Amino acid sequence: MEAEGRSSRLTPTERLVGVRHAVARPRGPSEGTSMPTRPARAGLAICLILAAMCALTGCVGQPDAASPAPPAAESAPPQPQRDSTQTLWTIEGSDTPLLDDDPDVIAIQRTVALHSAAVDNRTANTVETAVGEEFSFYSEEFIAKLDAEGYRDATIALYRDNDLTTEQLGVAWSRSTISQDRIRATVGFESILHFTTGIDEYLRARDLEQNERYAQARELTLVKVGDVWMIDDIRKAPLAKSPTLNE
């Protein structure tokens, strides 16, 4: 009766929010943990409602790590559009551009890149094999021309007699064309390399230094033999110092 008397003195507000702990009656030894009272259940229901509203509308505070990130398309910066007029490749005698995914462009670039790797990565011990690889990219007519000039023996002797080692550091492409009938191409190319070994007298006589970067511009003519692009001629500029790649 005492507890009921105290309860009857609660204000209407206290009864609504369940402020009953101030007048809670003592538990008997047999009661243990009892079920929440009606006001406590009402408070729990309010918390659940607020939590549901927060989940639906979003709450201010620390982001939830489990929340999905915004779609990549919304946050990623716009990608630049490729301008076909910026290509280095055109049809000979016209302004018709050829993109890098053109089958002939791909095949030609592969031939030129592999050839330059064979030419510019050599030592006194590997030069003979490297020259053999170099010739595998040449047309029969160009091979005959080089053999008539004694190119093979002269190149092998050059590396062996002067203990030369060259290493390619990079390449660059310049303006290139393919003929209208797609059987001939002219390729602008630059190889960047350095000498890692060499007899001092040989290097000084040519104003060369070990481990100095040099660039050599080249113009290669290729012909299509069947389905294969072969190098038919090469014109080379003198070596020039190139302090940094892509400069």
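This is a predicted model: local features need pLDDT of at least 70, side-chain atom pairs count only at pLDDT 80 or more; totals for chains, interfaces and linings use all residues.
Reader: How many helices and strands are in the protein chain?
Author: The protein chain has 9 helices and 7 strands.

Reader: And what share of the residues is buried?
Author: Of the 247 residues in the chain, 29% are buried.

Reader: What about contacts between residues at least 6 apart in sequence: what share joins residues at least 24 apart?
Author: That share is 59%.

Reader: On to the strands. Which strand pairs with S5 over 10 bridges?
Author: That is S4, residues 184-197. S4 and S5 run antiparallel to each other. Within this pair, Gly-188 stands opposite Glu-219 of S5.

Reader: How many bridges join S5 and S6?
Author: There are 8, again in the antiparallel sense. S5 covers residues 214-225, and S6 covers residues 228-236.

Reader: Staying in S5: is Arg-218 buried or exposed?
Author: Arg-218 lies in S5. Arg-218 counts as buried because its relative accessible area is 7%, and the cut-off for buried is under 20%.

Reader: What does the Arg-218 side chain make a polar contact with?
Author: With the side chain of Gln-216, at 2.9 Å.

Reader: Leaving aside neighbours within four places in sequence, what is Arg-218 in contact with?
Author: The list includes Ser-116, Val-119 and Asp-120. Val-187, Gly-188, Phe-189, Ser-191 and Leu-193 are also among them.

Reader: Change of topic. Which residues are buried in H8?
Author: In H8, residues 151-161, the buried ones are Tyr-151, Thr-155, Ile-156 and Tyr-159. They cover an arc of only 125° around the axis, so they are on the same side of H8.

Reader: Why do residues three or four places apart point the same way in an α-helix?
Author: An α-helix has 3.6 residues a turn, so residues with that spacing point the same way.

Reader: What is exposed on the other side of H8?
Author: Asp-153 and Asp-161 are exposed there.

Reader: And what covers the buried residues of H8?
Author: The cover includes helix H5 (103-120), helix H6 (127-135), H7 and strand S3 (165-178).

Reader: What happens just after H8?
Author: Asp-163 takes a positive phi of about 50° there.

Reader: You mentioned H7. Where does Lys-145 lie?
Author: Lys-145 lies in H7, residues 140-148. Lys-145 is partly exposed, with a relative accessible area of 41%.

Reader: What separates Lys-145 from Asp-232?
Author: The two are 87 residues apart along the chain, and their C-alpha atoms are separated by 9.8 Å.

Notes: Residues are numbered from 1 along each chain as its sequence is written. Side-chain values use heavy atoms; hydrogens and water are left out. Two strands pair if DSSP finds at least two bridges between them. Helices (H or I, at least four residues) and strands (E, at least two) are DSSP runs, numbered from the N terminus. Buried means under 20% relative accessible area, exposed over 50%, partly exposed in between (1.4 Å probe, protein chains only). Contact means heavy atoms within 4.5 Å. The arc is that of the directions from the helix axis to the C-beta atoms. A polar contact is a pair of N or O atoms within 3.5 Å; within protein, one must be able to donate a hydrogen and the other to accept it, and residues adjacent in sequence count only if both atoms are side-chain atoms.
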